[in-house]
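Me: I am new to this structure and would like to learn how to read its features one at a time. Could we begin with the aromatic rings?

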Amino acid sequence: MDTISPSLSLPDSPREFGFYVGGRWIERGLRKHMERVSPGHDIPVTRITLCTKDDLDDAVRVARRAFKDRRWSGLSGTGRADVLLKAAAGIRERAEEIAYWETLETGKAISQARNEVDGAASIYEYCAGTARSLHGDTFNNLGDKMLGLVTREPIGVVGLIIPWNFPFFILAERIPFMLAAGCTIVAKPSELTSASALIMAEILTKAGLPDGVFNVVTGTGPEVGQAMAAHMDIDMISFTGSTVTGRNVLLASSSNFKKVGLELGGKSPQIVFADANLDEAADGVVFGVCFNAGQCCVSGSRLLVERSIAEKFERLVVEKFAKVRIGDPLDPRTQLGAIVSPAHNEKILGYIKKGEEEGARIACGGKAIGTKAGRFIHPTLLSGVSNTMAVAREEIFGPVLSSIPFDSLEEAVELANDNDYGLAASVWTSNIDKALQVIRSVQAGRTWVNTTITGGPEMPIGGFKQSGTGRETGVYGVEEYTEIKSIHIAIGRREPWVG
Ligand code: NDP
């Protein structure tokens, strides 16, 4: 790893955060708190309030009141769009501040954090359009005596649970869609990465969002998150995180049969055919597993490669892995930053060991990088993996690629689908027929041809199988946060039923 001096300096003391309810900051007071230590530097960077269930109840009451009196849902689409556009401008104004704290809390590279903040602003801009275009349907074919209308109404109070890997970007893939639909929100970021959600709350208030429409309660998953999932006065939960926790959320949601949207884990295949542009494919595969240090739900962590080119392709991947710039997350040249926590670091290294024990060969990487501070893992290629090994089946969530050869298109599809997850898939080939055959058969919510992990807010995201339920982003993402109502309107005099 390069020992590079960061161009940004570390904070002298942790930044203190209260939490945000009803359009204002609430001070920590006597509540407990936790200090978040920067994964790349091992110094405390933020101090976060550990809210209680009572705090959550208060926030839900505030959000309910804001929903009931229609201070937000009663506005026109134009009125909502105006706030979303101002929020986008507010994000751009504070982009550097958001990227800085995001980098310190997550350990991701600052260049990536900056891109994510910019991308987030553009999602709010996109949603301003959807706030204006959201509409229902009419049925003029019910006979002369009836007109049917189908309206979309905001679903109500949404509980939003967000993970630590893309705290600000995932928030942007959810909040403006909920707001475009007219919902009110209580958000709970991961206790590891709360800063950017709290900053966003302030930006939304300044943008003119009525008080109480967006609230942030910080704290732990088992305490605040679980209570949110079980809450009797929350109408929907949007959860992003692990499949294990997603299952808990689903079970807890049965308390009041709230709607649940789940975006969960993945073990996404990168399917590389011999006729692909191998250099470009290798670049894409390396990016796909190193992006966010592999801590990404759509990480392309399973390489399915045509046997005739497997050796050559693996060599290319190894060469490119060696060129990835790993380093201080605050250095703008860094591409691959730190692992989010010591526990997660151990989990990744444990998987690499398990892969070896199961018979895989470490073609490169395979260990932690010795540094004075922080935890970094070399991009790792596990060769000779079979699809039954744990490293092929389970989400490692680190820069670890498991390579599995295949002999035919049919076998590639079978291997791709032989997994509990179905979040994403990429195919690399110069034959469009082959690409489309694979894409049609692969069980995944987000797919790419000759590229990976890219797109825009116009396109929906979400998973097949145990990767989740529901869809986020695009018009589909706004519609998720609506209830549908059918309205039957009688025309003319009623035919009497009695006498
Ligand atoms: P979790 O699924 O535990 O955390 C995601 C969010 O859920 C966080 O806000 C967390 O809060 C919250 N949470 C935790 N427990 C509960 C609960 N019982 N009820 C409601 N909410 C809860 O992920 P981890 O952070 O523990 O990561 C574990 C693994 O999950 C990773 O190794 C990775 O495989 C996967 N993961 C997948 C993600 C994805 O985008 N698909 C994102 C993150 C993780 P808090 O952090 O405060 O405890």
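Reply: Let us start with two residues, for Trp164 is buried and so is Phe397, where buried means under 20% relative accessible area, exposed means over 50%, and partly exposed lies in between (1.4 Å probe, protein chains only). Please keep in mind that this is a predicted model, in which local features need pLDDT of at least 70 and side-chain atom pairs count only at pLDDT 80 or more, while totals for chains, interfaces and linings use all residues. Residues are numbered from 1 along each chain as its sequence is written, and side-chain values use heavy atoms, with hydrogens and water left out.

Me: How many aromatic pairs does the structure hold?

Reply: A pair of aromatic rings is described by the distance of the centres and the angle of the planes. Rings of Phe, Tyr and Trp (its six-membered ring) pair if their centres lie within 6.5 Å, and planes under 30 degrees apart count as stacked, over 60 as edge-to-face and the rest as tilted. The structure holds 8 aromatic pairs, and one of them joins Tyr126 and Phe177, a tilted pair with 6.2 Å centre to centre and 45° between the planes. Tyr126 belongs to helix H4 (residues 110-133) and Phe177 to helix H6 (residues 175-181), so the pair ties together parts that are 51 residues apart in sequence; helices (H or I, at least four residues) and strands (E, at least two) are DSSP runs, numbered from the N terminus. Phe177 is buried, with a relative accessible area of 0%.

Me: Why is the pair of Trp164 and Phe397 edge-to-face?

Reply: The ring centres of Trp164 and Phe397 are 5.5 Å apart and their planes stand at 85°, so the pair is edge-to-face. This pair links distant parts of the chain, with Trp164 in the loop between S8 and helix H5 (167-172) and Phe397 in the loop between helix H13 (390-393) and strand S19 (400-406), 233 residues apart.

Me: Which strands are joined to S11 by bridges?

Reply: Two strands pair if DSSP finds at least two bridges between them. Strand S8 (residues 157-161) is joined to S11 by 4 bridges, and the two run parallel, while 5 bridges join S11 to strand S12 (residues 259-263), again in parallel. From S11 the chain crosses through helix H9 (residues 243-252) to S12 in a right-handed β-α-β crossover, a term used if, with the strands pointing away from the viewer, the path from the first strand over the helix to the second runs clockwise.

Me: Why is S11 described as largely enclosed?

Reply: In strand S11 (residues 236-240), 5 of the 5 residues are buried, so the strand is largely enclosed by the rest of the structure.
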